[in-house]
Amino acid sequence: MSNNNQVNSKVIETEVPLGTVHSAALEPYRVRLFVEDEYVRDAEITIGVNHRGIERIMEGLPVEKANALTEKICGICSHIHIWNSCLVAEKGLEIDVPPRAEYIRLIMSELERLHSHLLYLAHGCEVLGHETFSMRIFYIRETVMELLRMIGGNRVQYGVPVIGGIRPRSDLNEMRIQKISEGMDLIEEKMTEFADRFTRDPMIMSRITGVAALSKEDALRLAATGPTLRSTGVEVDLRRDMRQYDPFEFEVITQDDGDVKSNLLMRALEIFEAIKIIRQAVKDLPEGKITNRSWEMQDTGIIRSYIEAPRGKLYHSYRLEDGRVRNSIIRTPSITNINAMEHACIGTHITEAQLAIVQCDPCFTCTDRAIQIVDHPLKKTNKQNKII
């Protein structure tokens, strides 16, 4: 206390660490929250616990084996990885994929989007503390998982694409097409009921509206991608630029507020668009062969391919030398969304910080990989991301 009876206040910054293992997080990662009066003033996310060195393992492997290995990157988005890795080889070797195989690859991709978005909604409800809603979503998701198992033979890591087409076991007959159509009807009915209950629940709405909002300007500045970017009103979806999606009509969903509510609604509404695409694909599925084997292996330069994964832009590149993969680089959407996650935490109450991270749909296991940081035009260092 000073002589003039004025209180000398001093701001004390407190660090609250979470992880690397925490009951609110599905994956191991570390969050440092710098808190002042229970409000987050800064945040830092550190990953690296799950680094497996997949690109290093791919170095020198025959391209077919290397493509199959990319499925191990993510248990949720395994199909989108092997599809994009096959696209790299097909682009470099100028292979034409039969239309029927293109359609079945796309059906698998949209089924995987349903699976990923439903898992996101279930996890989001769990973090909100609403176990009943979480279990309802997991129940709806089971239909998707069984359809993926029917086509690929597994509930994860389905192994459908190969260079030039798809595996014969993944072709669709009338029975499978009927089951997919029935599954889409069931998911649409159940999701409509769920969305109605979810948006009319006043406790849920008060918990997520206006929480951890990310502005459009910040989302662009921080290089956010996928639904995280579209939830701020930016209409960017790589599927619009992919020739495989040219025959299909669908809307690019956007929301305006960039908060938890917008992110949840984004994925819920994208589920209906994915159902619309799948229905068109099974209805107009072309006849004909499913694999093109009329190509020869040759050396290539670096080939690059981008694709719209459930979480955003996914990048694969490598070159071919004597049929083997060299200089593979893979960048997943969550690595570019980490800055948005950290920024969304700032200004939230400490109890909402985990919700601010989860709203960006992180998948840190698939993000953990070695990257190259260029810190000077003439000086390069190889370090691991965020552990760097």
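Start at tyrosine 29. Is this residue buried or exposed? Tyrosine 29 has a relative accessible area of 5%. The cut-off for buried is under 20%, so tyrosine 29 is buried. Keep in mind that this is a predicted model.

Now its partner ring. Phenylalanine 364 comes out at 0% relative accessibility, so this residue counts as buried too.

By the ring-pairing rule, there are 7 aromatic pairs. One of them joins tyrosine 29 and phenylalanine 364. The ring centres are 4.4 Å apart, and the planes meet at 55 degrees. Stacked needs under 30 degrees and edge-to-face needs over 60, so this pair is tilted.

Where do the two rings sit along the chain? Tyrosine 29 is in the loop between strand 1 (14-18) and strand 2 (30-36). Phenylalanine 364 is in helix 13, residues 364-367. That is a link between distant parts of the chain, 335 residues apart.

Next pair. Phenylalanine 133 and phenylalanine 198 are also tilted, with 5.8 Å between centres and 45 degrees between planes. Phenylalanine 133 belongs to helix 5 (residues 131-152), and phenylalanine 198 to helix 6 (residues 174-199). So this pair ties together parts 65 residues apart in sequence. Both phenylalanine 133 and phenylalanine 198 are buried.

Over the ring of phenylalanine 250 sits the charged end of arginine 240, 4.6 Å from the ring centre. Tyrosine 120 has arginine 267 over its ring, with the charged end 4.2 Å from the centre.

Look at strand 2 against strand 3. The two run antiparallel, joined by 7 bridges. For one example, valine 31 has isoleucine 45 in strand 3 as its bridge partner.

A word on annotation. An unreviewed UniProt entry lists residues 128-295 as "domain: NADH-quinone oxidoreductase subunit D". In the model, that stretch is 53% helix and 2% strand. Its end C-alpha atoms are 52 Å apart.

Threonine 336 is in helix 11, residues 333-345. Its relative accessible area is 21%, so threonine 336 is partly exposed. What does threonine 336 touch, leaving out residues up to four places away in sequence? Leu222, Ala223, Ala224, Thr225 and Arg331.

Serine 328 is in strand 8, residues 324-331. At 11% relative accessible area, serine 328 is buried. Leaving out residues up to four places away in sequence, serine 328 touches Glu55, Met58, Glu59, Ser317 and Tyr318.

That's my tour. Over to you.

Terms used
Residues numbered from 1 in each chain as written. Predicted model: local features only at pLDDT ≥ 70, side-chain atom pairs only at ≥ 80, totals over all residues. Heavy atoms only, no water. Phe/Tyr/Trp six-rings, centres within 6.5 Å; stacked < 30°, edge-to-face > 60°. Helix = DSSP H or I, 4+ residues; strand = E, 2+ residues; numbered from the N terminus. Buried < 20%, exposed > 50% of the residue type's maximum accessible area, 1.4 Å probe, protein only. Lys NZ or Arg CZ within 6 Å of the ring centre and 35° of its normal. Pairing = 2+ DSSP bridges. UniProt positions renumbered as here; feature names shortened; annotations may be inferred. Contact = heavy atoms within 4.5 Å.
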